[in-house]
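Have a look at the model first, and then we'll walk through both topics.

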Amino acid sequence: MCNFDLVGYETLIEFIERHNLYRLEGNILEIGSFLGGGTVKLAKSAMKHKKKVFTVDIFAPDSDITVNTEGYSMKDIYNFILQGKSQKDIFYKVIEGFDNITVIHTDSIELTFREDEAFFFTFIDGNHSSSYVWNDFKLAWNNTVSEGVVAFHDYKGDLPETTDAINKIIDTYREEISHTEEISEKKIIFLFKK
């Protein structure tokens, strides 16, 4: 039914370590955690550096109706994977025992962070519609430290609406972005903040 490629959070962890991002102030932000496997991988890595992972998810798989190039909505794909199980129940079971994970169970479009909440790395893989991609970027970017990174999944993948939004973000924020790095086989793009 679908070609659902899991991110491979090892790619993100290797990127963070290669760029020595743990040296920066702040913590990790994840927007869109799905079943929590990636959240746990980030948390294990962050724990070694006394850092935390803040993860944002609405736990409502029906809420993302963005359609891919094969004609399937993300809602269809998530429900196919879940097979009637509760996303939230699976997630909380997976992250059990991790005291450096802070779960923010809300719609990211309704979220704001305190001005002093700092992030050195954000991974955005939440709702794939253009309005959410923009919202989630601004939410993260405003609290990203200098030399920190905001990364997007599904860049140049099978969700053209997501890719178009990311391209417009890069163009709009050109003056604040020092450079970008892309891992095309994983459909990830990284934006470095000046």
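A cavity here is a set of grid points where a 1.4 Å probe fits but cannot get out, and its volume is the space filled by probe spheres set on those points. Keep in mind that this is a predicted model.

With that in hand, searching the whole structure turns up one cavity of 30 Å³ or more. The largest cavity holds about 40 Å³ of space. Who lines it? The run Ile-124, Asp-125, Gly-126, Asn-127 and His-128 contributes, along with Val-133, Phe-152, His-153, Asp-154 and Thr-162. By class, that lining splits into three nonpolar, five polar and two charged residues.

Two of those lining residues, Val-133 and Thr-162, turn up again in the contact between helix 5 and helix 6. On the helix 5 side, the contact is made by Ser-130, Val-133, Trp-134 and Phe-137, and they meet Glu-161, Thr-162, Ala-165, Ile-166, Lys-168, Ile-169 and Thr-172 in helix 6. Sorted by class, this contact has six nonpolar, three polar and two charged residues.

| Helix pair | Axes come within | Crossing angle |
|---|---|---|
| Helix 5 (residues 130–141) and helix 6 (residues 160–172) | 8 Å | roughly 40° |
| Helix 1 (residues 9–18) and helix 2 (residues 37–47) | 9 Å | roughly 25° |

How do those angles read? The roughly 40° crossing makes helix 5 oblique to helix 6. Angles under 35 degrees count as roughly parallel, and helix 1 and helix 2 are therefore roughly parallel to each other. As for handedness, helix 5 and helix 6 cross in a right-handed way, and helix 1 also passes helix 2 in a right-handed crossing.

Definitions and conventions
Residues are numbered from 1 along each chain as its sequence is written. This is a predicted model: local features need pLDDT of at least 70, side-chain atom pairs count only at pLDDT 80 or more; totals for chains, interfaces and linings use all residues. Side-chain values use heavy atoms; hydrogens and water are left out. On a 1 Å grid over the protein atoms alone, a cavity is a set of points where a 1.4 Å probe fits but cannot get out, and a pocket is an open set with protein on both sides within 12 Å along at least five of seven lines; lining residues have an atom within 4 Å of a point. Ala, Val, Leu, Ile, Met, Phe, Trp, Tyr, Cys and Pro count as nonpolar, Asp, Glu, Lys and Arg as charged, and the others, Gly among them, as polar. Axes are lines fitted to C-alpha atoms, for helices over the stretch in contact, and angles run from 0 to 180 degrees between N-to-C directions. Helices (H or I, at least four residues) and strands (E, at least two) are DSSP runs, numbered from the N terminus. Angles under 35 degrees count as roughly parallel, over 145 as roughly antiparallel, 65 to 115 as roughly perpendicular and the rest as oblique. A crossing is left-handed if the near helix is turned anticlockwise from the far one by less than a right angle, and right-handed if clockwise. Contact means heavy atoms within 4.5 Å.
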